[in-house]
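Student: I have a structure on screen and want to learn how to read it. Where do we begin?
Tutor: With the charged pairs, then the core, the surface and the confidence.

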Amino acid sequence: MSTEEETSDITTKRTEHVQSLMDSLRASSPIYGFILPTMTLTSVTRGTVLTRLVLGPEHLNSRGGLHGAVSATIIDFTTGLAIASWDLRPSTGASVDMNITYLSAAKQGEVLEVESKADKVGGSLSFVRITISKVAADGEKTIVTLGQHTNMAERTRGSLRKR
């Protein structure tokens with residue numbers, strides 16, 4: 001098997017694993033099932049997950065903008081996916097700390113692109129950065145929310161460990 005084929009196989013395996021985890025989390029968590037049922041997976045690489053979400057009325061605050069609690073839910077959900085993409089671990093642990101910076105607003109009908117990047121996935125803690133941007137019709141992106149999330153990681157013997 002060539003290196004390119006091996007890389008393609010690993011990418012496929014990562015993507016399938018993250019999609020399966022997304023589906024499982026939404027099915028088992030009422031909050032994820034309510035707030036993020038239409039979030040779609042765009043791409044997966046080791047430690048990085050890109051997703052998209054079109055904002056609906058359930059995502060908005062009383063002023064018609066993206067609700068801060070929804071941003072926190074997006075951060076919690078997608079940073080776990082980034083951790084799982086690191087080495088295909090079946091679960092992502094529990095939140096230890098979350099920092100959120102709100103930079104601009106997004107409203108109903110706008111498309112959000114969410115990029116979650118695991119900076120370190122260790123034996124006890126994982127550290128993930130996230131950028132939530134709204135994407136205009138011309139493709140221009142405006143950052144809406146920045147976040148950092150620390151999770152208590154579960155050790156794993158995932159099939160892609162140290163790759």
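Student: How many salt bridges does the structure hold?
Tutor: Keep in mind that this is a predicted model. Side chains of opposite charge can pair when their charged atoms come close. The structure holds 5 salt bridges.

Student: Which residues are linked in a network of salt bridges?
Tutor: R52, E113 and K141. R52 meets E113 with N and O 2.9 Å apart. That pair ties strand β2 to strand β4, across 61 residues of sequence. E113 also bridges to K141, where the closest N and O atoms are 2.6 Å apart. K141 sits in strand β6, 28 residues from E113.

Student: Are E113 and K141 buried or partly exposed?
Tutor: E113 is buried, at 10% relative accessibility. K141 is partly exposed at 45%. R52 is partly exposed too, at 28%.

Student: What separates D23 and R26 in helix α1?
Tutor: About one helical turn, because the two residues are 3 apart in α1. D23 and R26 form a salt bridge, with the closest N and O atoms 3.2 Å apart. D23 is partly exposed, with 40% relative accessible area. R26 counts as buried, at 14%.

Student: Now the core. Which residues touch the most other members of the largest nonpolar core?
Tutor: In soluble globular proteins, nonpolar side chains tend to be buried together. Here the largest nonpolar core has 31 residues, and L36, M39, I74 and L112 touch the most other members. Elements giving two or more residues to this core include α1, α2, β1 and β5. The largest share, 9 residues, comes from α3.

Student: What does I74 touch, not counting residues up to four places away in sequence?
Tutor: Among its contacts are L36, M39, L112, V114 and I132.

Student: Which residues form a nonpolar patch on the surface?
Tutor: V96, L125, F127 and M152, with about 330 Å² of accessible area together. V96 lies in strand β3, residues 94–102. V96 is partly exposed, with a relative accessible area of 48%.

Student: Last, confidence. What is the mean pLDDT of the chain?
Tutor: The mean is 91, and 90% of the residues reach 70 or more. Over residues 158–163 the pLDDT is below 50. Beyond near neighbours in sequence, that stretch has 16 contacts in the model. Where pLDDT is low, the predicted coordinates should not be read in detail.

Definitions and conventions: Residues numbered from 1 in each chain as written. Predicted model: local features only at pLDDT ≥ 70, side-chain atom pairs only at ≥ 80, totals over all residues. Heavy atoms only, no water. Patch = residues over 30% accessible without salt bridge, like charges linked within 9 Å, V, L, I, M, F, W, Y side chains within 5 Å. Areas by Shrake-Rupley, 256 points an atom, 1.4 Å probe, with all protein chains shown as cover. Salt bridge = Lys/Arg side-chain N within 4 Å of Asp/Glu carboxyl O. Helix = DSSP H or I, 4+ residues; strand = E, 2+ residues; numbered from the N terminus. Buried < 20%, exposed > 50% of the residue type's maximum accessible area, 1.4 Å probe, protein only. Core = buried A, V, L, I, M, F, W, Y, C linked by side-chain atoms within 4.5 Å. Contact = heavy atoms within 4.5 Å. pLDDT = per-residue confidence, 0-100.
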